[in-house]
Amino acid sequence: MFQPDNPTPTWSVSTMQRVAAKPPTLAAAALRYANLGIPVFPCVPGGKQPLTSNGFHDATSVARIVHTWWQRTPDANIGLPTGAPTGVLVVDVDVHAGGSGFAAFERARAEGFGDAWAWLVRTPSGGLHAYYPNVRGQEQRSWQVPSAHVDFRGDGGYVIAPPSRISVDGAMRSYHVIAVAAHAAKPIDAVELRRFLEPPRQAPALPPPGMAAAGCRPDALARTVALTPEGGRNHALFWASCRMAENGLSHADAMSWLVPAAQYAGLSDREIETTVNSAFRIASRLGPGSRPGPTPASEGIHL
């Protein structure tokens, strides 16, 4: 359970500067957080994994407990729960081999999502933690948008706080404050930010009807593929490809229907091409009028 001395942590735009102004040790920084009523918990030196059995649920601002933790592990990093326990929300802009979240974050800020941060922290990987005040009584759960390389740390999450250090490519690098807002900080609407970063997918634009052979409706087959959830997508694509092949559609016509539908379902271009090609090879060996491939439950649709 969280054990704050002060149920309302005394965050302000100067708090992070006071806490992270190059204290002599991580232990001293942890105590500064605690003395401001901000619950913290220890994480492994040079890493992010909690050292306590219940992770961020053990966070406390009781100075005696914090002192004991860091006396036991002086180089422990400082874990900071986000959301209601500390009164802060954090947008985590990732930078890694797979990409950078800075472009997505800047687009969001330009549209008014997250432009009123309280302070910015440079992370050891070169990414960014943008801190915002929380709205008392309003729950905003943590989430991730891997495609945008942006995460949100709210209720149910935590961050590693300055001046903690992480090992990156064999070198120890610190979290450090790079900016404190001159403007009035405002809470962020995490739901709207996520919707901006990850808009609801639109149904695929399918080719117009007119190429169907007798007894075959490629629009319905493509729709079935598009709406099949993960776990059955390849099965549905193979089945639909077989149905088109057996009814005389050309490979090119089948691809024009099935590629956008399968992309919408979440399959990669390579998976789509491989599956459709396999279905057409089998259909060509079996000959016209054959029924290659399994029949899914979705074939209850009248095609």
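**Aromatic pairs**

Analyst: The structure holds six aromatic pairs. Keep in mind that this is a predicted model. Take Phe 41 and Tyr 158, an edge-to-face pair. Their ring centres are 5.1 Å apart, with 80 degrees between the planes.

User: Which parts of the chain does the pair of Phe 41 and Tyr 158 tie together?

Analyst: Phe 41 belongs to strand β1 (residues 41–43), and Tyr 158 to strand β10 (residues 158–160). The pair therefore ties together parts that are 117 residues apart in sequence.

User: Is Phe 41 buried or exposed?

Analyst: Phe 41 has 0% relative accessibility, so this residue counts as buried. The cut-off for buried is under 20%. Tyr 158, with a relative accessible area of 24%, is partly exposed.

User: How are the rings of Phe 113 and Phe 196 arranged?

Analyst: The planes of Phe 113 and Phe 196 stand at 35 degrees, so the pair is tilted. The ring centres lie 5.2 Å apart. Phe 113 sits in the loop between α4 (102–110) and β6 (119–122), while Phe 196 sits in helix α5 (residues 190–197). So this pair links parts that are 83 residues apart in sequence. Phe 113 is partly exposed, at 22% relative accessible area. Phe 196 is also partly exposed, at 27%.

User: Which residues do ring pairs link into a cluster?

Analyst: The cluster consists of Phe 41, Phe 56 and Tyr 158.

**The sheet**

User: How do I read a sheet, and what is the strand order here?

Analyst: Strands of a sheet pair through backbone hydrogen bonds, either parallel or antiparallel. Here, three strands form an open sheet in the order β1-β2-β10, and the pairing is antiparallel. β1 and β10 stand at the edges with a single partner strand each, so one side of each has no neighbour in the sheet. From one strand to the next, the twist averages 40 degrees.

User: How many bridges join β2 to β10?

Analyst: Three bridges join strand β2 (residues 77–81) to β10. In one of them, Gly 79 has Ile 160 in β10 as its bridge partner. Helix α3 (residues 63–72) packs on the sheet and touches β1 and β2. The direction of α3 makes about 15 degrees with that of β1.

**Helix α5**

User: Why do the buried residues of α5 line one face of the helix?

Analyst: Start with the general idea. An α-helix has 3.6 residues a turn, so residues three or four places apart point the same way. In α5, the buried residues are Ala 190, Leu 193 and Leu 197. Seen down the axis of α5, they fall within an arc of 60 degrees, so they line one face. These buried residues pack against β3 (88–93), α4, β8 and β9 (150–153).

User: What happens at the start of α5?

Analyst: There, a side-chain oxygen of Asp 189 comes to within 3.2 Å of the backbone nitrogen of Val 191.

**A loop residue**

User: Where is Arg 141 found?

Analyst: Look in the loop between β7 (128–133) and β8 (143–145). Arg 141 is partly exposed, with 46% relative accessible area. Its side chain makes a polar contact of 3.5 Å with that of Glu 139.

User: What is Arg 141 in contact with, leaving aside neighbours within four places in sequence?

Analyst: Arg 141 is in contact with Phe 152, Asp 155 and Gly 156. Now compare sequence and space. Arg 141 and Thr 82 are 59 residues apart in sequence, with 9.5 Å from C-alpha to C-alpha.

How values were computed. Residues numbered from 1 in each chain as written. Predicted model: local features only at pLDDT ≥ 70, side-chain atom pairs only at ≥ 80, totals over all residues. Heavy atoms only, no water. Phe/Tyr/Trp six-rings, centres within 6.5 Å; stacked < 30°, edge-to-face > 60°. Helix = DSSP H or I, 4+ residues; strand = E, 2+ residues; numbered from the N terminus. Buried < 20%, exposed > 50% of the residue type's maximum accessible area, 1.4 Å probe, protein only. Contact = heavy atoms within 4.5 Å. Polar contact = N/O pair within 3.5 Å; in protein donor to acceptor, adjacent residues only side chain to side chain. Pairing = 2+ DSSP bridges. Axes fitted to C-alpha atoms, helices over the stretch in contact; angles between N-to-C directions. Arc of directions from axis to C-beta.
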